[in-house]
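The entries follow in the order in which I made them.

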Amino acid sequence: MLAKLKQFLTSHSQAVTPEEKSRQLQLAAVSLLLEVVFADETLSEEEAKLLPQLMTKALSLTPAEAEELIDEAKKIQGDSISLYEFTKEINEQCDIKQKQKLILAMWKLAYADGQLCQYEDQIIRRTADLLYLKHSELIKMRNLAVDS
């Protein structure tokens, strides 16, 4: 597992083309979304439907591209040991508004099945901290997700 992680980090730190950087960002974002989806160890029907919808809207992907990205991110996310490896990529490439949109998407996924699991809440809060978002921004995104 450590060898896979080292390979993942090495391959991602050597990316130089804009396409590779974009792909890394997409994988990081989807991996964080998957962290929320699997936090309660169940994939509800609502979450399974919402995840590709959020991706196609936020990342301008086709449904087929979204599914492919989800499959690839599941492999990476399963081998991850912390949220930092994903948030580092996002911090390097995203502005505050993009980070807020990601947290909003995470809240929407957390509330998709009608209940918020404590582990989903913890992952979102830790992610917001690692993205250097203020607590007030975190609460604002949560309230927007609940209202929608």
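This is a predicted model: local features need pLDDT of at least 70, side-chain atom pairs count only at pLDDT 80 or more; totals for chains, interfaces and linings use all residues.

**Entry 1: Leu-27.** I began with Leu-27, which has its place in helix H2, residues 18-37; helices here are DSSP runs of H or I of at least four residues, strands are runs of E of at least two, and both are numbered from the N terminus. Leu-27 counts as buried because its relative accessibility is 4%, where buried means under 20% relative accessible area, exposed over 50% and partly exposed in between, with a 1.4 Å probe and protein chains only.

Entry 2: Residues are numbered from 1 along each chain as its sequence is written, and side-chain values use heavy atoms, with hydrogens and water left out.

**Entry 3: the protein as a whole.** I found eight helices and zero strands in the secondary structure, so from the N terminus on the elements run α-α-α-α-α-α-α-α. Of the 148 residues of the protein, 45% count as buried. For contacts, meaning heavy atoms within 4.5 Å, I looked at pairs at least 6 apart in sequence, and 74% of these join residues at least 24 apart.

**Entry 4: Leu-51.** I turned to Leu-51 in helix H3, residues 45-59, which counts as buried because its relative accessibility is 4%. Not counting residues up to four places away in sequence, Leu-51 touches Leu-33, Leu-34, Ile-70 and Leu-109. Leu-51 and Val-37 are 14 residues apart in sequence, with 8.5 Å between their C-alpha atoms.

**Entry 5: H6 against H7.** How do helix H6 and helix H7 pack? Helix H6 (residues 96-111) and helix H7 (residues 118-130) pack at an angle of about 180 degrees with their axes 10 Å apart; the axes are lines fitted to C-alpha atoms, for helices over the stretch in contact, and angles run from 0 to 180 degrees between N-to-C directions. That makes H6 roughly antiparallel to H7, since angles over 145 degrees count as roughly antiparallel, under 35 as roughly parallel, 65 to 115 as roughly perpendicular and the rest as oblique. On the H6 side I listed Ile-103, Met-106, Trp-107 and Ala-110, and on the H7 side Glu-120, Asp-121, Ile-123, Ile-124, Thr-127 and Ala-128.

**Entry 6: Met-141.** Met-141 is found in helix H8 and counts as buried because its relative accessibility is 7%. Leaving aside neighbours within four places in sequence, Met-141 is in contact with Gln-100, Ile-103, Leu-104 and Trp-107. Its C-alpha atom and that of Leu-102, 39 residues apart along the chain, are separated by 9.3 Å.

**Entry 7: Tyr-132.** I looked up Tyr-132 in the loop between H7 and helix H8 (135-147), where its phi is near 60 degrees, a positive value in a residue other than glycine. Most residues other than glycine have a negative phi. Tyr-132 is exposed because its relative accessible area is 63%.

**Entry 8: cysteines.** Lastly I checked for disulfides, each a pair of cysteine sulfur atoms within 2.5 Å, and the structure holds zero. Cys-94 counts as buried at 18% relative accessibility, and Cys-117 counts as buried at 17%.
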